[in-house]
Amino acid sequence: MTTRRTFLRNTVTTTVGILTASAVARAAGTSTDPLNPFKGADIFDRILAKALAGNWQSLPIGQAMGKIAMELKGTPYVGFTLELSKDHEICSVNLAGLDCVTFFEDTLDFARMLKTGGRTPQDLLAQVTLTRYRDGQIGDFTSRLHYTTDWFANNEKKGVVHILAPDLPGSEPFTQKVGIMSEQPNNYRQLKAHPELVAKIHEFENQINAHNAESMKYIPLSDLAAVQSLLQTGDIVGVCTTEPGIDIAHTGLVYQDASGTPHFMDASSSKKNMKVTLESEPISQDFRWSHKLTGAMFARPLEPKSS
């Protein structure tokens, strides 16, 4: 039987060297440490070895994301993996347990890491820091892009993605307002511990609402079938809602099957799944699980600049 050690030994020399560097780089932390910012090192190594053996870094970024997403298929749904401390914001990755945001985020950033020459968990964390935080700078809890429309807008500004909705047929102005974080701060560990941050969050919410009212658009459910053929593997999906104070109810990725039909791929919190799932229906028929859902917006990943 071929062991993992034998497999790595038989992989191209550069891959072995990279994985060795990866192991050394994370030697200072252990997966049992609750404040360890990187969990799932074995998963990282497995995907990296397969990616380098298959030269995924040479693929268009959306196609590379599709390969990575399928490697994460079946990963258990686990919420609140980012809340490592009530006092400090820590940029973290947990490849062993994903929620709907960390699934698309880690998939995107793993692909960006590959294409910019990164090969260690620290390189992945650097990419996550860029996309997760406002203007790529980690500060306190409020520096995290908590609302998906804010994530879309800030990452378009950084050249990470291009928001598709304005260019898609049937797009309409997005009028849903955010505000749940400042309205219910006790539901958020760091806001509860540091009430002085609530006013700061509220100011960001006002900025998000002003920006969305001016320029954000979405595709209503009734028009999704008309745009379905324009979507590509790796496109990031935000499912819009009427739930008060929230902009996006769920997130995931587009994945085209062998026939070219786009499906929704997500870290599902449904009790029947609770794992990363490739949904069986075409994406235009998938967002029917709540009467509060109104449509979707999409962001296409852009090729990163080489480091």
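To find them, select residues 41–53 for α3 and 100–115 for α5. Helices here are DSSP runs of H or I with at least four residues, strands are E runs of at least two, and both are numbered from the N terminus. This is a predicted model, where local features need pLDDT of at least 70 and side-chain atom pairs count only at pLDDT 80 or more, while totals for chains, interfaces and linings use all residues. Residues are numbered from 1 along each chain as its sequence is written, and side-chain values use heavy atoms, with hydrogens and water left out.

The axes of α3 and α5 come within 12 Å and cross at roughly 50°. Those axes are lines fitted to C-alpha atoms over the stretch in contact, with angles running from 0 to 180 degrees between N-to-C directions. The angle makes α3 oblique to α5; under 35 degrees would be roughly parallel, over 145 roughly antiparallel, and 65 to 115 roughly perpendicular, with the rest oblique.

Now show side chains. On the α3 side, pick Phe44, Ile47, Leu48, Ala51 and Leu52; on α5, pick Phe110, Met113 and Leu114. These make the contact, meaning heavy atoms within 4.5 Å. By class that is 8 nonpolar, no polar and no charged residues (nonpolar: Ala, Val, Leu, Ile, Met, Phe, Trp, Tyr, Cys and Pro; charged: Asp, Glu, Lys and Arg; polar: the others, Gly among them).

Keep α3 on screen and bring in α4, residues 61–72. What angle do the axes of α3 and α4 make? They cross at roughly 140° and come within 11 Å, so α3 is oblique to α4 as well. α3 passes α4 in a right-handed crossing. Select Ile43, Arg46, Ile47 and Lys50 of α3 with Ile68, Glu71 and Leu72 of α4: this contact has 4 nonpolar, no polar and 3 charged residues.

Between α3 and α4 there's a loop, and Asn55 sits in it. Check its phi: near 55°, a positive value in a residue other than glycine. With a relative accessible area of 37%, Asn55 is partly exposed (buried is under 20%, exposed over 50%, partly exposed in between, using a 1.4 Å probe and protein chains only). For another positive phi, jump to Met274, near 55° and also not a glycine. Met274 is in the loop between β8 (262–267) and β9 (276–282) and is partly exposed at 38%.

Next, the inside. The largest nonpolar core has 50 residues, and Phe103, Phe110, Leu114 and Ile236 have the most contacts inside it. A core here is a set of buried Ala, Val, Leu, Ile, Met, Phe, Trp, Tyr and Cys residues joined through side-chain atoms within 4.5 Å. Centre on Ile236 and, beyond four places in sequence, you'll see it touch residues including Trp151, Phe152, Leu253 and Met297. A second, separate core of 16 residues includes Leu164, Val227, Val237 and Phe264.

Last stop: Gln190 in helix α9 (residues 189–193). Is Gln190 buried or exposed? Buried, at 3% relative accessibility. Beyond four places in sequence, the contacts of Gln190 include Glu83, Asp87, His88 and Arg144.

Zoom out to finish: the chain has 11 helices and 10 strands, and 53% of its 307 residues count as buried.

How values were computed
A crossing is left-handed if the near helix is turned anticlockwise from the far one by less than a right angle, and right-handed if clockwise.
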